[in-house]
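Work through the exercises below with the sequence and the structure at hand. Each task is followed by a solution in steps.

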Amino acid sequence: MIIDWPSFAPVNALLGGILIGLSAALLLLLNGRIAGISGIIGGLFQATKPGDFSWRVAFVLGLILSPLLYQLFTPLPESRIDADWGVLVLAGLFVGLGSRIGSGCTSGHGVCGLSRLSPRSLVATMTFMGTGFLVVYLARHLLI
Amino acid sequence: MHIASAFFIGLLFGLGLIVSGMSNPAKVLGFLDLGGNWDPSLAMVMAGAIAVGLIAFRAAGGKVTSLLGNPMQLPAIGKIDKRLVSGSALFGVGWGLAGICPGPALTLLGTGATKGFVFVAAMLAGIVLFEIFQRRRA
């Protein structure tokens, strides 16, 4: 392993992480909800109780509009998707299906679950990080 | 009121993703590339988020209603089963293929990236597939 020092941006990473944590904290304390993105989106496709739909739409809308708000103050940082179209579709399918089967993703298990000291989320996080590391290793160092 | 707060909290979440670098799939893959040129940034994102989260979940412990008067809806801490592990494994494979997880997928929509739209369409298809399987089993 070689550390990519030029890309390592600890201050931004920590600051951004604190903002993510803060928003998870606010959704929990104000709304009584877990900030798990896959769960929030998933709930939009379920026959839910009345009053359970609008807040999900509002949250998702906020997430989608956040780059526009950011752009009002400063240009957006670089964002690059290297995956080609076929891989992208497969990846999207796996992310959608997998996160719903496993009841959570990076936010629900990785941030909220670990903050709750849930053993279930610890196992989930270690599992998806593990397969994520493995897939990148295979794609970048073994198969090409 | 709780709808407006959800909107602003979503905005804040997205700003966090952008500031932290999580909304850049190439950077996320740099974190997942342990065998290459490894970018540890994402570990710092998790550390920052969990540091705040630990305090929040401790503060929320035992509360029945939220500050806006909604019931606290925390999932029960369930058991570790095959579903949890296989679903998470599949999610990780998808994450490793493109470097995009559900939150950043939505911020990519807002940047207008065509590839972001394709990813989100596929992700929604995966979520709908899950619902179809669920209903068949029920």
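A residue is buried if 20 or more other C-beta atoms lie within 10 Å of its own, and exposed if 12 or fewer do. The model is predicted.

**Exercise 1. Describe the fold and extent of chain B.**

Step 1. Take the secondary structure: chain B contains six helices and one strand. In sequence order the elements read α-α-β-α-α-α-α.

Step 2. Take the dimensions. The C-alpha trace of chain B spans about 45 × 40 × 30 Å along its principal axes.

Step 3. Apply the burial criterion: 52% of the 138 residues of chain B count as buried.

Step 4. Look at sequence separation. Among contacts in chain B with a separation of 6 or more, 38% are between residues 24 or more positions apart.

**Exercise 2. Characterise the side of chain B that touches chain A.**

Step 1. Count the residues on both sides: 108 of chain B are in contact with 105 of chain A.

Step 2. Assign the chain B side to elements. At least two residues each come from helix 1 (2–20), helix 2 (25–32), strand 1 (37–38), helix 3 (41–60), helix 4 (82–98), helix 5 (102–111) and helix 6 (114–137). Helix 1 of chain B gives the most, with 18 residues.

Step 3. Sort this side of chain B by residue type: 70 are nonpolar, 32 polar and six charged.

Step 4. Check for strand pairing between the chains.

**Exercise 3. Why is helix 2 of chain B largely enclosed by the rest of the structure?**

Step 1. List its buried residues: Pro25(B), Lys27(B), Val28(B), Leu29(B), Gly30(B), Phe31(B) and Leu32(B).

Step 2. Identify what covers them. The cover includes strand 1, helix 3 and helix 4 of chain B, together with helix 6 (119–142) of chain A.

Step 3. Conclude: seven of the eight residues of helix 2 of chain B are buried, so the helix is largely enclosed.

How values were computed
Residues numbered from 1 in each chain as written. Chains lettered and ligands numbered in written order. Predicted model: local features only at pLDDT ≥ 70, side-chain atom pairs only at ≥ 80, totals over all residues. Helix = DSSP H or I, 4+ residues; strand = E, 2+ residues; numbered from the N terminus. Contact = placed C-beta atoms within 7 Å. Nonpolar A, V, L, I, M, F, W, Y, C, P; charged D, E, K, R; others polar.
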